[in-house]
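Q: Could we go through this model together, beginning with the overall picture and then turning to charged pairs and cavities?

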Amino acid sequence: MKQTMIVISDYIEGAPVVASVRYAGLMKHFMEQYRLIVVNDRKYGPAPSRFAAVNYKYDTPSSTFTQTMVGGEPSGRGIKQLIEGVLRNKWTITAWRNYKYSSYAFRRMNIRLFRELDACLEQNEVSAVFLTIPDVYGLYIIDHIKRKAPGIPVVIEIRDIINHNIGEGQPRQAYRRAERMIPRLADAIVAVSQGIRQHYEIGQERPSIRLIRNGYDEEPFQNCVYQRISDNVRELTVAHIGSIYKGRNIHALIEGLQLFHERTGIRIKLKVAGLLDQQAARDLSNVNMTGDGVTVEIVGSVKHEAAASLLKEADVAVTLTHTKGSDYAIPGKTFEYIGACKPILAVTADRELVELVHGRYGICAGHHRDSVADGLADLIAREFDFSGRSAFSRTNQAEQLLAMIGEHIRGATQKRVKRV
């Protein structure tokens, strides 16, 4: 009979985002070994997960301060937009978000959930809990479980640090409190990047931390092979898989592509399989798009299969990160790009992304048009080797996670036997 594991996640399968695809890929492997009880954010998966024997939902606050994601054109400026503009200042947003991300607000909204979890722990012999974050809400759920059943081993996977400064109005007070919970609640931490690992390797008493990088689902990309771009190419299709938000500077990317066209005469078709937030939509509308040298198509949210097809049809895959740079998360789409054997143009200041991609799977460029144009020219002049891409497969990632979880289950079992 399979042991039971609780999995706590923001997304579940079905949403057109990398986090959802990633969840589904891991759960296919998890359910081979465990009976799964899933807890997830209702906003990111209201229907029951097909991987779960039982699926509980938690609720989170929302407000007008949440960025609106659009298909490409900024919305009109009516009275509502003017009011939002007045209210959307750093101090108001910070105050709201400190409340939104507080354990007090979460517990008030989820009284029923905690009752369901109490009954679940009484009725099931739970062998382990696996939490994947950067959301703070899962930590509040783990805190409740640990109080009720302190002997259950908890493995926390951190996809990005919680206390970040990307964007304005971040609730630093709530973030700091949440981060202080991690060493108390976790028996082990999985970091998906070396930067995240280093961020949480602090203090004398801390849980073990292991680096297990993200991966790509093999199925859509199993027949992909790398094809060098021809020296005589006259048109390039460039694909960006995922939404563009929080200052990822699509303006500089497009101007760089335009400069590349001016220099080479090579036409560019940029296709974005995702949405734009308000800032990105404004940036796009402010770019001079006269002429046919560069065309932009915002495809919008599509299922993963459609996004994978678009990626496989492209010549180059592009990723944009925040202009401030980060030493922590590597965008999940990067591994999809590697799986598809597509040379990557990464417009980034992220140290770890540069170390992974530059010269190996593509070229990294800065957030200004000359660097983008130079980077693309360098990319099409080079040849890349994707023969070792299986190291980043979802299967490899899942096997490492399952081995780690199994170690802690066995350790907890041995402790119980010794006490008896």
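This is a predicted model: local features need pLDDT of at least 70, side-chain atom pairs count only at pLDDT 80 or more; totals for chains, interfaces and linings use all residues.

Q: What share of the residues is buried?
A: Of the 420 residues, 55% are buried. Buried means under 20% relative accessible area, exposed over 50%, and partly exposed in between, with a 1.4 Å probe and protein chains only.

Q: And the accessible surface of the protein, what does that come to?
A: It comes to about 19,400 Å², and carbon and sulfur atoms hold 48% of it. Accessible areas come from the Shrake-Rupley method with a 1.4 Å probe, and for residues only the protein chains shown count as cover.

Q: On to charges: how many salt bridges does the count give?
A: The count is 23 salt bridges, each being a side-chain nitrogen of Lys or Arg within 4 Å of a carboxyl oxygen of Asp or Glu.

Q: Which side chain does D10 meet in a salt bridge?
A: D10 pairs with R159, at 3.0 Å from N to O. This pair joins distant parts of the chain, 149 residues apart: D10 lies in the loop between β1 (3–9) and α1 (18–33), and R159 in the loop between β5 (154–158) and α7 (172–185).

Q: Are those two buried or exposed?
A: D10 counts as buried because its relative accessibility is 7%. R159 is likewise buried, at 16%.

Q: What about R228 and E383?
A: Their side chains form a salt bridge at 3.9 Å, N to O. The partners are 155 residues apart, with R228 in the loop between β7 (208–211) and β8 (235–241) and E383 in the loop between α14 (369–381) and α15 (394–419). R228 is partly exposed at 35% relative accessibility, while E383 is exposed at 59%.

Q: Which residues are linked in a network?
A: Salt bridges link R107, D143, R147 and R184 in a network.

Q: Changing topic, how many cavities of 30 Å³ or more are there?
A: There are five, and the largest cavity holds about 80 Å³ of space. On a 1 Å grid over the protein atoms alone, a cavity is a set of points where a 1.4 Å probe fits but cannot get out, and lining residues have an atom within 4 Å of a point. Grid points are joined across faces, edges and corners, and a volume is the space filled by probe spheres set on the points.

Q: Which residues line the largest cavity?
A: The lining includes D10 and R159, the salt-bridged pair. Helix α1 gives the most, with six residues.

Q: Last one: where is A317, and is it buried or exposed?
A: A317 is in strand β11 (residues 316–320), and it counts as buried because its relative accessibility is 0%. Its C-alpha atom is 8.3 Å from that of A346, 29 residues apart along the chain.

Conventions: Residues are numbered from 1 along each chain as its sequence is written. Side-chain values use heavy atoms; hydrogens and water are left out. Helices (H or I, at least four residues) and strands (E, at least two) are DSSP runs, numbered from the N terminus. On a 1 Å grid over the protein atoms alone, a cavity is a set of points where a 1.4 Å probe fits but cannot get out, and a pocket is an open set with protein on both sides within 12 Å along at least five of seven lines; lining residues have an atom within 4 Å of a point.
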